[in-house]
Structure formats: C-alpha cells, structure tokens
Amino acid sequence: MLTTVGAAAVHAQSAAAASAPTSSRGAYTETQAARGEATYRANCTSCHATSAYVGDAFVRAWDGRTAFDLFELIRTTMPNDNPGRLSRQEYADIVAYMFKLNRFPPGERPLPADDEGLKQVRIEAKSASTP
C-alpha cells in the first residue's frame with residue numbers, strides 16, 4: 001500500500017512539474033508583452049538597449065531561475081534614478097516583453113505580478129532561440 005501511495009505521489013509531482021508554468025510554455029500573453037514594450041520604451045530605452053537582454057548569454061544567465069528573480073532585480077534597481085517607481089504590473093509586463101524578445105512563446109494567461117505567482121514560473125533556456 002505504501003508503495004502505491006508513494007508511486008501516486010511521485011506521479012502527481014511529475015504531472016505538476018510538467019504543467020508548471022515556464023518561460024517556454026507560454027507564461028505571458030502577447031497583449032502583456034505589448035504593454036511591456038511600451039513601458040520599456042517609455043522608461044528604459046534612455047539607458048538600455050534591448051540587445052542587452054536578448055540572446056544566448058542572457059538566457060543562459062537566467063536558465064533555471066524564476067521570473068520572480070528577474071522581476072525583483074528589475075523592480076529593486078530600475079529605473080536607475082527611482083527604483084520601484086513603476087507598478088508591479090508594469091514590471092511584470094517588462095519581464096513578459098523580455099520573454100518575447102527571447103522568443104519564448106506566448107500563452108493564454110498573463111505573467112502574474114505577485115511574488116508567489118512569479119516564483120512558480122521557471123526560466124528555461126532550452127526552448128529559446130537567439131533572434
């Protein structure tokens with residue numbers, strides 16, 4: 001009986017992991033990425049070119065980390081003259097835009113703006129390609 005329960009628990013964990021949101025399984029929407037692009041252009045381009053956040057080196061640097069890690073880095077350090085000035089949704093939209101820039105596929109649900117939701121989204125390098 002214990003073996004059956006243990007096997008069921010492992011199967012449930014495997015199924016949950018397979019359905020867990022990742023950057024390569026549509027963790028943002030096109031609409032959200034478009035909002036993120038507009039926010040990025042209005043608040044970030046005076047200091048940052050999008051090319052700094054695109055490609056294999058960027059994706060490898062974030063591989064295995066969570067959307068929360070990227071979100072929190074941006075939120076606590078940007079804009080440089082006033083970190084945290086944007087809304088949580090605007091920061092999440094910028095992360096969605098960065099996912100789009102790295103050719104991660106969009107999905108049906110937007111990237112969440114809350115810590116717990118962002119911590120559930122794992123960044124996976126294997127499915128991104130360099131633009």
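This is a predicted model: local features need pLDDT of at least 70, side-chain atom pairs count only at pLDDT 80 or more; totals for chains, interfaces and linings use all residues.
The lining of the second largest pocket comprises eleven nonpolar residues, two polar residues and no charged residues.

**Open pockets**

The second largest pocket has a volume of about 180 Å³. It is lined by 13 residues, and His48, Tyr53, Ile74, Met78 and Met98 are the closest to its centre. At least two lining residues come from each of helix 3 (56-62), helix 4 (67-77) and helix 5. Helix 4 gives the most to this lining, namely four residues.

The largest pocket has a volume of about 220 Å³. Its lining is made up of 13 residues, with Pro21, Gly26, Ala27, Arg109 and Pro110 nearest the centre. By class, the lining of the largest pocket contains seven nonpolar, three polar and three charged residues.

**Enclosed space**

Rolling a probe the size of a water molecule over the atoms shows where empty space is left. The count of cavities of 30 Å³ or more comes to one. The largest cavity holds about 30 Å³ of space, and its lining consists of Phe58, Val59, Trp62, Met98, Phe99, Asn102, Phe104 and Ile123. Helix 3 and helix 5 each supply at least two of the lining residues; helix 3 gives the most, with three. Seven residues of this lining are nonpolar, one is polar and none is charged.

The volumes are collected below.

| Space | Volume |
|---|---|
| Largest pocket | about 220 Å³ |
| Second largest pocket | about 180 Å³ |
| Largest cavity | about 30 Å³ |

**Packing of helix 2 and helix 5**

The axes of helix 2 (residues 30-43) and helix 5 (residues 88-101) come within 7 Å and cross at roughly 105°. Angles from 65 to 115 degrees count as roughly perpendicular, and helix 2 and helix 5 are therefore roughly perpendicular to each other. On the side of helix 2, the contact is made by Glu30, Gln32, Ala33, Arg35, Gly36, Glu37, Thr39 and Tyr40. Helix 5 contributes Gln89, Glu90, Ala92, Asp93, Ile94, Ala96, Tyr97 and Lys100. The contact of helix 2 with helix 5 has six nonpolar, four polar and six charged residues.

**Threonine 66**

Threonine 66 lies in the loop between helix 3 and helix 4. Its relative accessibility is 17%, so threonine 66 counts as buried, the cut-off being under 20%. Apart from residues up to four places away in sequence, threonine 66 touches Leu118, Lys119, Val121, Arg122 and Ile123. Ile123 is also one of the residues that line the largest cavity.

Conventions: Residues are numbered from 1 along each chain as its sequence is written. Side-chain values use heavy atoms; hydrogens and water are left out. Axes are lines fitted to C-alpha atoms, for helices over the stretch in contact, and angles run from 0 to 180 degrees between N-to-C directions. Angles under 35 degrees count as roughly parallel, over 145 as roughly antiparallel, 65 to 115 as roughly perpendicular and the rest as oblique. Contact means heavy atoms within 4.5 Å. Ala, Val, Leu, Ile, Met, Phe, Trp, Tyr, Cys and Pro count as nonpolar, Asp, Glu, Lys and Arg as charged, and the others, Gly among them, as polar. On a 1 Å grid over the protein atoms alone, a cavity is a set of points where a 1.4 Å probe fits but cannot get out, and a pocket is an open set with protein on both sides within 12 Å along at least five of seven lines; lining residues have an atom within 4 Å of a point. Grid points are joined across faces, edges and corners, and a volume is the space filled by probe spheres set on the points. Buried means under 20% relative accessible area, exposed over 50%, partly exposed in between (1.4 Å probe, protein chains only).
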